[in-house]
Each structure stands twice: as C-alpha cells, then as structure tokens.
Amino acid sequence: MADLSSLKDLGTSSEAAVAPAHVRKVDSLGRSYATGKRKDAVARVWVKAGSGKIIINGKDFTAYFARPVLQMILRQPIVAAARDGQFDIVATVAGGGLSGQAGAVRHGLSKALTYFEPGLRSVLKKGGFLTRDSRVVERKKYGKAKARRSFQFSKR
C-alpha cells in the first residue's frame, strides 16, 4: 500500500481502481442460479443450455401464465439478449399475484443469464432487466379505510 498524502498522489498511484470483472457462475450440472423479486413474489431461477423449454412450478410457462402479456414480460430478457430457444429455464415462484410473479421470474432470469453468460450484462442492464423494481404496496394506516383513503365524511 503506497503512502498517499494528497489527492495529487492518488492520481499517479499504481493502485488505480479496476472495474469488477464479472465471472461465469455455473454449478456442477452446468446451470446458473439467481433469485428474482417483484412486489411480494420471489422467484428462484435456474438457466442451462438447452432447447428453449421454460418450466414454472412444474408447468409449462404458457399454462402457468395464461395471459399473453405475462408471457411477453417473462420472455423479454431472452428476446433482448437474442438467445431465444438456446436455454432451458426452470423456475419456482411463490408469493404475490400473477403479475408480480411474472416480474420476479423476469428479474431472476435476467440475473441468471448474466451469471451464465457475463457478456449479456450490458444488453440486459440497458433494458432495465437487472434493476429490482422496489415498489411495494403501502401499508394500511389506523383511522383510514385503506393506506390513504379516509372514511366518508358526514356532517350529522
């Protein structure tokens, strides 16, 4: 560790900050794993090279997410990375509703893709798929009908 006494010394220091190298994280079975979250839903996602099957909680994703909008949300990271039909995806998701679950799987899938293939990180980051959407339902307050809604006012 060099002796740095001023900011000028810091600029000439050989200990320049190095950008973090994102390494490939794959288990013994050739899968990468990530957790995704959205609202109250939590998804555990495994990605491995394959034919493009997507299984959610033991069902095909078209059966689990019947609405086309949710299927589209789930497939967004794969389409953005131009890797359609190249990965088998297995996910378990719990909590929240279907919309939150689709968002959680999308978040987990994006993270797992970056672990499997670190070169995809910039594409997925630009698309906003790696950012956890932190919006959750506001809690109900006492003396209110809901979080902010007051009871109906009556003069009598």
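How many nonpolar, polar and charged residues make up the lining of the largest pocket? By class, this lining has two nonpolar, five polar and five charged residues, where Ala, Val, Leu, Ile, Met, Phe, Trp, Tyr, Cys and Pro count as nonpolar, Asp, Glu, Lys and Arg as charged, and the others, Gly among them, as polar.

The model is predicted, with local features needing pLDDT of at least 70 and side-chain atom pairs pLDDT 80 or more, while totals for chains, interfaces and linings use all residues. Residues are numbered from 1 along each chain as its sequence is written, and side-chain values use heavy atoms, without hydrogens and water.

**View 1. The largest pocket and its lining.** The lining includes Lys 37, Arg 38, Arg 106, His 107, Phe 129 and Asp 133. A pocket is an open set of points on a 1 Å grid over the protein atoms alone, where a 1.4 Å probe fits, with protein on both sides within 12 Å along at least five of seven lines; lining residues have an atom within 4 Å of a point. Helix α4 gives the most to this lining, with four residues.

**View 2. Strand β5 and its partners, β2 and β3.** Strand β2 (residues 41-49) runs antiparallel to β5 (residues 87-94) and is joined to β5 by eight bridges, with Val 45 opposite Ala 91. Strand β3 (residues 54-56) instead pairs with β5 in the parallel sense over three bridges, and here Ile 54 stands opposite Ile 89. Strands are DSSP runs of E with at least two residues, helices runs of H or I with at least four, numbered from the N terminus; two strands pair if DSSP finds at least two bridges between them.
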